[in-house]
Amino acid sequence: MRKAGGDEDRMLVLFFNRIGWPTSLPTSEKESFMKNVIREKRKALEEIVTSSNLPLRPGVENFIDDALSEGVPVMMLIAYSRNGDKISRSIIDKLGHDRISKIKIIGKEEVEGSFYGQLVLGKGVSSTLDEQLVKEAQKAVSMEKQRIAEEVAAILKLTVDIDTSPSENFEKIVATLRAGAEYAGLPAQNCVLIAGSQSSILGAERVGMPCVVLRSSLTARAEFRQAKAVMDGFGGADLTISRLRHKKWS
């Protein structure tokens with residue numbers, strides 16, 4: 001959890017390599033065994049998350065209410081959630097219909113329908129798109145590729161342009177962040193991403209969006225060097241709309 005790129009399979013291998021694999025498990029069946037473990041884990045996670053007994057994170061409702069009362073657009077980004085659309089929406093449902101009606105949920109469909117998403121995901125550009133917005137989106141895509149090319153060139157000590165592109169998952173994160181800013185009607189640099197994972201932070205850094213991390217029990221010891229601030233929760237001495245408004249990003 002301290003680094004980006006960790007996946008379920010890798011974590012299982014690390015876990016069982018440390019505590020020992022089941023003694024009755026043949027080496028040839030390790031892969032199918034891990035798939036079964038992951039399937040059961042996902043099933044259990046969905047049951048827990050969708051349960052009415054699982055509360056939201058303390059203070060999140062007041063935080064959203066404060067944002068809405070001050071006219072701050074609130075976007076919920078679920079398009080790249082590892083938990084999937086179904087589980088993510090079940091969590092959001094706990095906010096109540098009144099709040100949900102005032103916020104924008106950015107799922108896969110919304111990302112694909114955004115200006116940037118249409119260009120990057122190869123869906124073709126809708127004829128209804130404003131010409132200037134299309135140009136801005138195309139410019140953003142070009143800058144993404146050029147920035148990555150420059151990074152690779154620097155590593156290889158080259159001065160030529162390199163035709164490269166980000167990983168599929170990272171590309172989804174970038175597209176989701178840009179779609180969120182687009183639906184909010186604001187430049188990415190005027191938005192603030194509230195995140196909890198390294199991959200989200202790296203995506204925000206890529207698009208120039210300030211990012212605030214809220215720690216969890218799983219990331220209590222993790223380092224988030226690219227984040228503008230790292231806090232423990234909503235409200236009190238931690239994350240509030242007032243604190244965000246008065247923060248001067250460097």
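Reader: Which strands form the open sheet, and in what order?

Author: Three strands form it, ordered β3-β4-β5, with parallel pairing. Strands are DSSP runs of E, at least two residues, and helices are runs of H or I, at least four, numbered from the N terminus. Two strands pair if DSSP finds at least two bridges between them. This is a predicted model: local features need pLDDT of at least 70, side-chain atom pairs count only at pLDDT 80 or more, and totals for chains, interfaces and linings use all residues. Residues are numbered from 1 along each chain as its sequence is written, and side-chain values use heavy atoms, with hydrogens and water left out.

Reader: Which are the edge strands?

Author: β3 (193-195) and β5 (229-231), each pairing on one side only. Neighbouring strands are turned by 25 degrees against each other on average, direction ignored.

Reader: How many bridges between β4 and β5?

Author: Three, in the parallel sense; β4 covers residues 211-214. Val212 has Ala229 in β5 as its bridge partner.

Reader: Switching to helices. At what angle do α1 and α2 cross?

Author: Roughly 115 degrees, with the axes of α1 (residues 8-19) and α2 (residues 30-50) coming within 10 Å. Axes are lines fitted to C-alpha atoms, for helices over the stretch in contact, and angles run from 0 to 180 degrees between N-to-C directions. The two helices are therefore roughly perpendicular (65 to 115 degrees; under 35 is roughly parallel, over 145 roughly antiparallel, the rest oblique).

Reader: Which residues meet there?

Author: From α1, Glu8, Asp9, Leu12, Val13 and Phe16; from α2, Phe33, Met34, Val37, Ile38, Lys41 and Arg42. Contact means heavy atoms within 4.5 Å. By class, this contact has seven nonpolar, no polar and four charged residues. Ala, Val, Leu, Ile, Met, Phe, Trp, Tyr, Cys and Pro count as nonpolar, Asp, Glu, Lys and Arg as charged, and the others, Gly among them, as polar.

Reader: And how do α2 and α4 cross?

Author: At roughly 20 degrees, axes within 9 Å; α4 is residues 84-92. That makes α2 roughly parallel to α4. Glu46, Val49 and Thr50 of α2 touch Lys86, Ile87, Ser90 and Ile91 of α4. They divide into three nonpolar, two polar and two charged.

Reader: Where is confidence lowest and highest?

Author: Lowest in α8 (residues 131-156), mean 62; highest in α3 (residues 60-69), at 95. The protein's mean pLDDT (the predictor's confidence in each residue, from 0 to 100) is 80, and 76% of residues reach 70 or more.

Reader: Where does pLDDT stay under 50?

Author: Over residues 159-166. Where pLDDT is low, the predicted coordinates should not be read in detail.
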